[in-house]
Amino acid sequence: MGETMVKIKGMFLEGLRLFQNFILIMLPYALSKAGNHSRNTTIVTLVAVTFLFIIIGKRKIELDKKLIILGAVYILTTSLSFWSIRDSYNSEQLKTYTGVIIYMLFAFSVTQIEIDKRLYRWFPILISIFSLSPAYRALLEWHQNGFSMDYRIFGDSWPSVFCMELGMMVLASIVVIFYEKQKIFKIISSIALVIGFIAIVGIQARIAIAMIPLFFILIAVSKNLKIGVKLGIVLLVCLLVIVSTDFEKYFKRFDSEDPGGSYSNQIRVEIYKRSKELIRENAVLGIGFYNLRGVNLRDEPRLQEYVDIETLGIVKEIPGTQENLKLWSYSATHLHNNILETLVTQGVLGLISYVCFLFFVLVNLLKNLRNKDFSENREIFVLAFIAFLYITIDGIIDTNIYMIKVNQAFFFMMGLALNKRFFVRKPEKDGE
């Protein structure tokens with residue numbers, strides 16, 4: 001009876017492991033879909049199955065202990081921050097809070113899945129191929145608006161969210177181009193890179209437009225210095241062509257004299273000024289998770305004409321004038337900087353745990369990147385590393401820690417790269 005139960009348990013655990021790998025393979029497709037329903041269902045299912053696998057199988061958790069502790073502390077400080085607004089939170093704050101928690105657990109779950117390391121090669125390829133879907137939706141939207149230089153592609157989201165989400169998928173195309181051996185995948189990824197980058201130009205995302213060519217050149221140089229230099233010259237020539245032709249109009253947000261860009265930058269200065277006031281008032285615990293607009297509304301009655309107090313939704317757009325700069329800053333939902341956002345909303349403890357957590361994520365990424373067991377297949381580790389830099393650099397001018405769609409793709413890549421349960425399934429010998 002005991003042996004039978006052991007066999008049943010073993011078969012059940014093997015079924016769970018296969019199911020985990022099936023979900024893992026499907027995730028690049030789910031991440032490319034519009035909306036969050038299929039993504040959320042897939043991610044929550046994976047988290048549940050992984051914890052069930054660990055509990056029933058009594059599997060030892062293989063992950064850096066400091067990373068686990070700091071991740072738990074950050075989840076705790078985030079929960080305390082949300083608890084402080086328990087009597088006044090709205091549905092958006094609840095959705096964002098649960099997203100932050102679930103996607104950190106999602107990253108943890110991915111690190112605990114037993115994966116044949118030969119599968120790693122396929123993840124960047126799949127992400128690159130499926131990036132064509134959101135890129136196509138973006139170009140279709142831009143086409144419907146006459147490819148206007150005054151229109152910013154939204155892509156089923158805010159432009160700042162969509163550019164980060166699509167940008168990480170485009171990074172996978174760059175990695176495949178330089179690391180994949182089969183030409184067919186190189187060609188497909190090259191097409192995906194061009195189409196994705198054109199879509200990002202339509203989003204007018206300055207950081208993404210600058211970083212994607214930069215990462216392209218850096219990876220090219222790391223693979224072959226001569227090829228990297230040649231590609232750099234080609235990109236420089238393309239840039240000169242752009243600034244000397246009518247194509248320059250599509251990069252107008254780089255022009256500091258542009259009224260929209262200049263006004264937008266002035267608003268951010270006012271937002272940063274506002275953050276100083278809030279830090280002095282709530283340095284230890286912060287003002288509450290994702291609660292900037294809620295606090296601003298109580299301090300700035302004039303906003304009631306433009307913002308619904310109960311839902312914190314915009315009733316009508318605030319006129320873009322110099323007189324309304326401060327009013328615009330008081331209507332902001334976030335502080336356009338991850339460090340400031342964490343400090344203001346979650347206090348000093350939240351900031352320390354957040355920064356330390358990111359630091360140890362980076363440390364562990366570099367350790368796995370140098371792991372000799374992956375000397376022949378580094379694609380996913382290079383992708384995770386540049387995705388980490390991509391998100392971190394963007395976090396200087398935007399608050400991407402609350403971007404749910406971005407967190408899904410980001411933590412998926414981090415989880416894969418931090419996984420220590422890789423193995424190589426040995427071929428069976430004849431007669432065995």
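This report describes a predicted model of one protein chain, from its overall make-up to selected residues and pairs.

**Basis**

Residue numbers start from 1 along each chain as its sequence is written, and side-chain values use heavy atoms, with hydrogens and water left out. Because the model is predicted, local features need pLDDT of at least 70 and side-chain atom pairs count only at pLDDT 80 or more, while totals for chains, interfaces and linings use all residues.

**Confidence**

The mean pLDDT (the predictor's confidence in each residue, from 0 to 100) of the protein chain is 84, and 90% of the residues reach 70 or more. Helix 5 (residues 122-130) has the highest confidence, at 94, and strand 2 (residues 422-423) the lowest, at a mean of 68. Over residues 427-432 pLDDT stays under 50, and the model has zero contacts beyond four places in sequence for that stretch. Contact means heavy atoms within 4.5 Å. Where pLDDT is low, the predicted coordinates should not be read in detail.

**Chain as a whole**

The protein chain has 16 helices and two strands; helices (H or I, at least four residues) and strands (E, at least two) are DSSP runs, numbered from the N terminus. Of the 432 residues, 50% are buried. Buried means under 20% relative accessible area, exposed over 50%, and partly exposed in between (1.4 Å probe, protein chains only). The accessible surface comes to about 21600 Å², and carbon and sulfur atoms account for 66% of that surface. These areas come from the Shrake-Rupley method with a 1.4 Å probe; for residues, only the protein chains shown count as cover. Among contacts between residues at least 6 apart in sequence, 76% join residues at least 24 apart.

Helix 9 (residues 206-223) has 18 residues, which should span 26 Å at 1.5 Å a residue; the expected span is 1.5 Å times one less than the number of residues. The end C-alpha atoms of helix 9 are 27 Å apart, in agreement with that value. Buried residues of helix 9 include Phe 215, Phe 216 and Ile 219. Gln 204 is buried, with a relative accessible area of 7%, and has a positive phi of about 60° although it is not a glycine.

A nonpolar surface patch of about 490 Å² is made by Val 221, Leu 225, Val 229, Ile 233, Val 237 and Val 241. Patches are made of residues with over 30% relative accessible area and no salt bridge, with like charges joined within 9 Å and nonpolar side chains (Val, Leu, Ile, Met, Phe, Trp, Tyr) within 5 Å. Helix 10 (residues 225-243) gives the most to this patch, with five residues. Val 237 lies in helix 10 and is partly exposed, at 44% relative accessibility.

**Salt bridges**

Side chains of opposite charge can pair when their charged atoms come close. The structure holds seven salt bridges, each being a side-chain nitrogen of Lys or Arg within 4 Å of a carboxyl oxygen of Asp or Glu.

Arg 59 lies in the loop between helix 2 (37-57) and helix 3 (65-83), and Glu 114 in the loop between helix 4 (91-111) and strand 1 (115-116), so their pair ties together parts that are 55 residues apart in sequence. Glu 62 is partly exposed, at 31%, whereas Arg 421 is buried, at 10%. Leaving aside neighbours within four places in sequence, the contacts of Arg 421 include Arg 59, Glu 62 and Glu 114. Glu 277 and Arg 274 are three residues apart in helix 11 (residues 259-281), so about one helical turn separates them. Arg 274 is buried, at 4% relative accessibility, and Glu 277 is partly exposed, at 29%.

**Phe 412**

Phe 412 lies in helix 16 and is buried, with a relative accessible area of 0%. Phe 412 and Ala 107 are 305 residues apart in sequence but 5.9 Å apart in space, C-alpha to C-alpha. Beyond neighbours within four places in sequence, Phe 412 is in contact with residues including Leu 24, Phe 106 and Phe 123.
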